[in-house]
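Please read them with the structure open.

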Amino acid sequence: MLNINTDRRLIRTVKEKDAAGLWEYLSQPRVNCFLEDRLRSREAADIEVRRRKKREDHLAVCLKNSDRIIGDVFA
């Protein structure tokens with residue numbers, strides 16, 4: 001399990017509990033380059049989180065004080 005800590009952020013592996021936050025920011029992407037990542041339902045967010053949990057190339061970016069996902073990074 002990977003964890004990178006800063007003063008206000010935590011970068012970590014994706015967890016099941018991240019589905020709600022993933023749905024929150026990918027249901028209506030604000031930037032056009034993320035349109036292909038758009039999620040059409042909460043169920044799609046659950047499926048996407050399960051997929052990302054199995055991979056090492058996606059990491060969750062979270063607020064450190066709440067562990068709430070606010071974004072992700074991938075390589």
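Which side chain meets that of D57 in a salt bridge?

1. The partner is R55: its side chain and that of D57 meet at 2.5 Å, N to O. This is a predicted model, and the distances and accessibilities in this note should be read as computed from it. D57 is partly exposed, with a relative accessible area of 23%. R55 also counts as partly exposed, because its relative accessibility is 37%.

2. The structure holds 11 salt bridges in total. Some of them belong to a network that links R12, K15, K17, D18 and D67. The next two points take up D67 and two of its lysine partners.

3. The side chains of D67 and K15 form a salt bridge at 3.9 Å, N to O. The cut-off for a salt bridge is 4 Å, so the pair at 3.9 Å is counted.

4. K17 also meets D67 in a salt bridge, here at 2.5 Å, N to O. Again distant parts of the chain are linked: K17 is in the loop between β2 and α1, D67 is in the loop between β3 and β4, and they are 50 residues apart.

5. K15, at 28%, counts as partly exposed. K17, at 51%, counts as exposed, because the limit for that class is over 50%.

6. Helix α1 covers residues 19-26, and its buried residues are A19, G21, L22 and L26. Viewed down the axis of α1, these buried residues fall within an arc of 165°, so they line one face of the helix. As background, an α-helix has 3.6 residues a turn, so residues three or four places apart point the same way.

7. What lies over the buried residues of α1? The cover includes helix α2 (42-53) and strand β4 (69-74).

Definitions and conventions. Residues numbered from 1 in each chain as written. Predicted model: local features only at pLDDT ≥ 70, side-chain atom pairs only at ≥ 80, totals over all residues. Heavy atoms only, no water. Buried < 20%, exposed > 50% of the residue type's maximum accessible area, 1.4 Å probe, protein only. Helix = DSSP H or I, 4+ residues; strand = E, 2+ residues; numbered from the N terminus. Arc of directions from axis to C-beta. Contact = heavy atoms within 4.5 Å.
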